[in-house]
Amino acid sequence: MVWETPYFSYAVRDLPKGCQLCVRGEKLVLFTTGACPRDCFYCPLSPWRRGDVVYANERQVKGQDDVIEESLIQEARGAGVTGGDPLARLDRTVEYIRLLKENFGDDFHIHLYTTGALATKKNLERLYDAGLDEIRFHPDLFNPNSKLFKVEMENIKNAFDFDWDVGGEIPSIPGQFERMKWYAEFLDRHGAKFLNVNELEFSETTLKTMLDMGYQPVSDESAAIKGSLELGLKLLEWGEENTSLSYHLCTAKLKDAVQLKNRLRRMARNVAKPYMEITEDGTLRFGIAEYDDLDELYEFLVNEAEVPVEWLYINRERGRIEMPEEVAVELAEAVEGDVRFFIVEEYPTFDRLEVERTPLP
């Protein structure tokens with residue numbers, strides 16, 4: 001039976017362990033490189049992630065301490081290792097898997113996404129020895145005549161020699177039902193546990209290409225591709241009857257409305273300062289004041305406006321003084337001159353992305 005999860009996704013049988021933790025916001029997203037042997041037309045990577053860079057969630061990693069700190073802030077119970085193709089920088093990927101296992105224990109669940117192009121027996125053995133719990137293969141399924149695809153499919157067979165969970169991860173591309181069925185049968189025949197299917201989406205880097213190819217969004221408010229969700233459901237219905245695999249159809253809504261929100265909430269409670277409110281969406285809401293001379297403004301607020309110092313924080317990097325929302329509202333009504341007051345909402349992530357700014361009169 002295809003069942004709808006509490007996370008706006010659909011499944012047949014049990015969710016993979018990696019997905020169970022991910023939807024609850026408990027998985028660190030560890031991006032070990034943007035390098036990849038393939039160039040898929042639907043790859044959503046931003047230009048600055050297509051190089052040889054490392055990120056832990058939104059934090060660019062400069063050293064091992066960054067990965068540990070980000071895991072602690074998130075209260076992560078596992079990690080999803082992604083890219084690019086993490087096997088394109090195998091030494092680095094193995095190093096980080098070992099680091100996480102050594103610091104957080106064997107129960108810290110780690111899964112990894114790979115094309116399969118570099119998944120030789122020797123390389124997979126290194127991942128397994130480092131402690132990898134689950135591996136997900138995303139071969140070049142929609143170019144079956146390419147030499148790379150044949151290499152990938154042969155390499156995937158190597159994974160079944162190790163005692164870990166093996167599965168597939170593919171996008172639901174309208175018009176490719178037969179190829180998706182073929183891959184499900186391949187995985188089932190070799191003893192895989194699951195096949196994850198992702199609702200296809202536009203990104204800033206793929207929008208023009210995908211429009212030129214004839215794909216259309218489901219609406220003006222969504223990045224999801226028309227027909228992708230329906231095709232994914234069709235595959236799940238077919239797979240339930242014809243294979244023993246577990247299936248998970250991961251929707252665009254799950255990523256935005258559930259997974260990200262849950263991760264932000266976990267992070268917010270560890271990074272929020274006393275003057276910040278944590279919203280239902282996991283963002284941080286507070287007041288700010290902007291002025292050309294922050295020190296002069298600070299002295300005025302403390303000595304003239306008599307604002308307690310524990311309610312004020314000078315953020316020099318962003319050129320502002322932060323404070324509780326209600327204090328900013330009161331000051332905006334009382335203070336004259338060139339001081340500008342706002343209510344802002346930010347993600348509790350390392351980059352502190354601002355998602356809303358409301359000027360106060």
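1. A definition to start with: helix axes here are lines fitted to C-alpha atoms over the stretch in contact, and the angle between two helices is taken between their N-to-C directions. With that in hand, look at helix α6 (residues 177-190) and helix α8 (residues 228-242), whose axes cross at roughly 35° and come within 11 Å. The crossing of α6 and α8 is right-handed. On the α6 side the contact uses F177, M180, K181, A184, E185 and D188, which meet L231, K234, L235, W238 and N242 of α8. Sorted by class, the contact of α6 with α8 holds 6 nonpolar, 1 polar and 4 charged residues.

2. Now for the overall picture. Please keep in mind that this is a predicted model. The protein has 11 helices and 17 strands, and its C-alpha atoms fill a box of roughly 75 × 45 × 35 Å along the principal axes. Of the 361 residues, 52% are buried. Taking contacts between residues at least 6 apart in sequence, 69% join residues at least 24 apart.

3. Helix α2 (residues 64-74) packs on helix α3 (residues 90-104) at an angle of about 50°, and the two axes are 11 Å apart. Angles that fall between the parallel, perpendicular and antiparallel ranges count as oblique, so α2 and α3 are oblique to each other. The crossing of α2 past α3 is right-handed. From α2 come Q64, V67, I68, S71 and L72, while α3 brings E95, Y96, L99, L100, N103 and F104. The contact of α2 with α3 divides into 7 nonpolar, 3 polar and 1 charged residues.

4. Next, the nonpolar cores. In soluble globular proteins, nonpolar side chains tend to be buried together. Here the largest nonpolar core has 68 residues, and the members that touch the most others are L124, L127, I135, F137, W164, Y183 and L195. Take L124 as an example: beyond four places in sequence, L124 touches A119, I135, F137, N155, N158, A159, F162 and W164. There is also a second, separate core of 16 residues, including L301, V327, F341 and I343.

5. Is P348 buried or exposed? P348 sits in the loop between β16 (340-346) and β17 (354-359). Its relative accessibility is 2%, so P348 counts as buried. Its contacts beyond four places in sequence are L264, M267, A268, V271, G282, T283 and L284.

6. With a relative accessible area of 39%, V355 is partly exposed. Leaving aside neighbours within four places in sequence, V355 contacts T283, E345, E346 and Y347. The C-alpha atoms of V355 and V344 are separated by 7.7 Å, and these residues are 11 apart along the chain. T283 is listed among the contacts of P348 and also among those of V355.

7. Finally, a charged residue in a loop. D140 is placed between β8 (134-137) and α5 (147-158). Buried means under 20% relative accessible area; D140 has 12%, so D140 counts as buried. Which residues does D140 touch, not counting those up to four places away in sequence? They are R38, S146, F149 and E152.

Terms used
Residues are numbered from 1 along each chain as its sequence is written. This is a predicted model: local features need pLDDT of at least 70, side-chain atom pairs count only at pLDDT 80 or more; totals for chains, interfaces and linings use all residues. Side-chain values use heavy atoms; hydrogens and water are left out. Axes are lines fitted to C-alpha atoms, for helices over the stretch in contact, and angles run from 0 to 180 degrees between N-to-C directions. Helices (H or I, at least four residues) and strands (E, at least two) are DSSP runs, numbered from the N terminus. Angles under 35 degrees count as roughly parallel, over 145 as roughly antiparallel, 65 to 115 as roughly perpendicular and the rest as oblique. A crossing is left-handed if the near helix is turned anticlockwise from the far one by less than a right angle, and right-handed if clockwise. Contact means heavy atoms within 4.5 Å. Ala, Val, Leu, Ile, Met, Phe, Trp, Tyr, Cys and Pro count as nonpolar, Asp, Glu, Lys and Arg as charged, and the others, Gly among them, as polar. A nonpolar core is a set of buried Ala, Val, Leu, Ile, Met, Phe, Trp, Tyr and Cys residues joined through side-chain atoms within 4.5 Å. Buried means under 20% relative accessible area, exposed over 50%, partly exposed in between (1.4 Å probe, protein chains only).
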